[in-house]
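Please open the structure in your viewer and keep the selection panel at hand, as each stop on this tour begins with something to select.

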Amino acid sequence: MLDSLQLIIFPSDSESQSLLRSLVSKASFDPDCLRFESTQYRSQAENGIEYLYLGARLMNLYDEIENPRPRGLIEKWIERRSGARYVMMATLIGVMIAVVMGFLGLVVAIFQAWVTYQQWKYPISK
(Lines give C-alpha, C1' and ligand atoms only; values in the text may rest on other atoms or scores of the structure.)
Protein backbone atom coordinates (compact mmCIF):
# COMPACT_ATOMS: atom_id res chain seq x y z
CA MET A 1 0.00 0.00 0.00
CA LEU A 2 2.80 2.40 0.83
CA ASP A 3 4.39 1.58 -2.51
CA SER A 4 1.23 2.52 -4.36
CA LEU A 5 0.89 5.72 -2.31
CA GLN A 6 4.47 6.67 -3.05
CA LEU A 7 4.56 5.83 -6.76
CA ILE A 8 1.04 6.70 -7.93
CA ILE A 9 -0.45 9.36 -5.70
CA PHE A 10 2.77 11.05 -4.60
CA PRO A 11 5.43 10.50 -7.28
CA SER A 12 8.88 12.04 -6.95
CA ASP A 13 8.08 15.40 -8.55
CA SER A 14 8.40 18.47 -6.34
CA GLU A 15 4.71 19.44 -6.38
CA SER A 16 3.56 16.00 -5.19
CA GLN A 17 6.25 15.87 -2.54
CA SER A 18 5.32 19.30 -1.18
CA LEU A 19 1.66 18.18 -1.01
CA LEU A 20 2.75 15.04 0.85
CA ARG A 21 4.84 17.08 3.30
CA SER A 22 1.90 19.40 3.99
CA LEU A 23 -0.39 16.38 4.54
CA VAL A 24 2.10 14.85 6.96
CA SER A 25 2.39 18.07 8.94
CA LYS A 26 -1.26 19.18 8.87
CA ALA A 27 -3.43 16.10 8.30
CA SER A 28 -1.64 13.52 10.45
CA PHE A 29 -0.32 11.40 7.57
CA ASP A 30 2.33 8.84 8.49
CA PRO A 31 5.76 10.54 8.45
CA ASP A 32 7.28 7.33 7.08
CA CYS A 33 5.66 8.20 3.74
CA LEU A 34 8.34 10.84 3.33
CA ARG A 35 11.22 8.40 3.83
CA PHE A 36 9.94 5.48 1.78
CA GLU A 37 11.95 4.45 -1.28
CA SER A 38 10.84 1.27 -3.03
CA THR A 39 13.83 0.73 -5.32
CA GLN A 40 15.87 -0.99 -2.63
CA TYR A 41 13.13 -3.60 -2.11
CA ARG A 42 12.38 -4.34 -5.76
CA SER A 43 13.93 -6.93 -7.96
CA GLN A 44 14.68 -6.29 -11.64
CA ALA A 45 11.42 -8.01 -12.70
CA GLU A 46 9.32 -5.74 -10.50
CA ASN A 47 10.39 -2.40 -11.98
CA GLY A 48 7.56 -2.19 -14.53
CA ILE A 49 4.66 -2.94 -12.16
CA GLU A 50 1.39 -1.26 -13.02
CA TYR A 51 -1.37 -0.71 -10.49
CA LEU A 52 -4.43 -1.53 -12.52
CA TYR A 53 -6.69 -2.08 -9.52
CA LEU A 54 -6.37 1.58 -8.52
CA GLY A 55 -7.42 2.93 -11.93
CA ALA A 56 -11.17 2.89 -11.32
CA ARG A 57 -10.81 4.34 -7.83
CA LEU A 58 -8.52 7.11 -9.02
CA MET A 59 -10.97 7.94 -11.81
CA ASN A 60 -13.78 8.15 -9.24
CA LEU A 61 -11.67 10.54 -7.16
CA TYR A 62 -10.87 12.60 -10.26
CA ASP A 63 -14.56 12.76 -11.22
CA GLU A 64 -15.44 13.89 -7.71
CA ILE A 65 -12.84 16.65 -7.90
CA GLU A 66 -14.03 17.80 -11.32
CA ASN A 67 -17.78 17.55 -10.52
CA PRO A 68 -18.19 17.61 -6.74
CA ARG A 69 -21.42 16.48 -5.19
CA PRO A 70 -23.33 19.16 -3.30
CA ARG A 71 -22.55 19.20 0.39
CA GLY A 72 -24.78 21.77 2.13
CA LEU A 73 -28.53 22.08 2.23
CA ILE A 74 -28.62 24.99 -0.20
CA GLU A 75 -26.29 23.24 -2.65
CA LYS A 76 -28.42 20.09 -2.53
CA TRP A 77 -31.61 22.10 -3.04
CA ILE A 78 -30.12 23.93 -6.03
CA GLU A 79 -28.77 20.66 -7.49
CA ARG A 80 -32.17 18.99 -7.25
CA ARG A 81 -33.82 21.94 -8.96
CA SER A 82 -31.32 22.45 -11.73
CA GLY A 83 -32.34 19.55 -13.98
CA ALA A 84 -34.22 19.76 -17.25
CA ARG A 85 -37.30 18.37 -15.54
CA TYR A 86 -37.49 21.37 -13.26
CA VAL A 87 -36.90 23.78 -16.10
CA MET A 88 -39.89 22.22 -17.87
CA MET A 89 -41.94 22.45 -14.66
CA ALA A 90 -41.03 26.13 -14.26
CA THR A 91 -42.03 26.74 -17.89
CA LEU A 92 -45.38 25.01 -17.38
CA ILE A 93 -46.01 26.99 -14.20
CA GLY A 94 -45.24 30.19 -16.11
CA VAL A 95 -47.67 29.19 -18.87
CA MET A 96 -50.37 28.38 -16.32
CA ILE A 97 -49.89 31.76 -14.63
CA ALA A 98 -50.13 33.46 -18.04
CA VAL A 99 -53.37 31.58 -18.80
CA VAL A 100 -54.89 32.52 -15.43
CA MET A 101 -53.86 36.17 -15.86
CA GLY A 102 -55.32 36.15 -19.39
CA PHE A 103 -58.57 34.71 -18.11
CA LEU A 104 -58.73 37.32 -15.32
CA GLY A 105 -58.05 40.03 -17.90
CA LEU A 106 -60.91 38.68 -20.02
CA VAL A 107 -63.26 38.75 -16.99
CA VAL A 108 -62.27 42.37 -16.25
CA ALA A 109 -62.79 43.34 -19.91
CA ILE A 110 -66.25 41.71 -19.93
CA PHE A 111 -67.16 43.56 -16.74
CA GLN A 112 -65.95 46.85 -18.21
CA ALA A 113 -67.95 46.23 -21.36
CA TRP A 114 -71.07 45.49 -19.28
CA VAL A 115 -70.59 48.68 -17.22
CA THR A 116 -70.11 50.68 -20.42
CA TYR A 117 -73.24 49.16 -21.93
CA GLN A 118 -75.23 49.95 -18.80
CA GLN A 119 -73.91 53.52 -18.87
CA TRP A 120 -74.90 53.89 -22.53
CA LYS A 121 -78.32 52.28 -22.06
CA TYR A 122 -79.24 54.15 -18.88
CA PRO A 123 -77.47 57.54 -19.00
CA ILE A 124 -77.47 59.71 -15.92
CA SER A 125 -79.33 62.93 -16.62
CA LYS A 126 -78.66 66.18 -14.81
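Begin by colouring the protein chain by pLDDT, for this is a predicted model, and the mean pLDDT of the chain is 81, with 81% of its residues reaching 70 or more. Select residues 2-9 next, which make up helix α1, where confidence is lowest at a mean of 65, and then move to helix α6, where confidence is highest at a mean of 92.

Stay with helix α6, which covers residues 84-121, and select Met101, a residue that lies within this helix. Is Met101 buried or exposed? Its relative accessibility is 53%, and because the cut-off for exposed is over 50%, Met101 counts as exposed.

For the last stop, turn to the aromatic rings, of which a search of the whole structure finds two pairs. One of them is formed by Tyr117 and Trp120, whose rings are 6.0 Å apart from centre to centre, with 40° between their planes, so that the pair counts as tilted. Both residues belong to helix α6, where they are three residues apart, or about one turn of the helix.

Note on methods:
Residues are numbered from 1 along each chain as its sequence is written. This is a predicted model: local features need pLDDT of at least 70, side-chain atom pairs count only at pLDDT 80 or more; totals for chains, interfaces and linings use all residues. Side-chain values use heavy atoms; hydrogens and water are left out. Helices (H or I, at least four residues) and strands (E, at least two) are DSSP runs, numbered from the N terminus. Buried means under 20% relative accessible area, exposed over 50%, partly exposed in between (1.4 Å probe, protein chains only). pLDDT is the predictor's confidence in each residue, from 0 to 100. Rings of Phe, Tyr and Trp (its six-membered ring) pair if their centres lie within 6.5 Å; planes under 30 degrees apart count as stacked, over 60 as edge-to-face and the rest as tilted.
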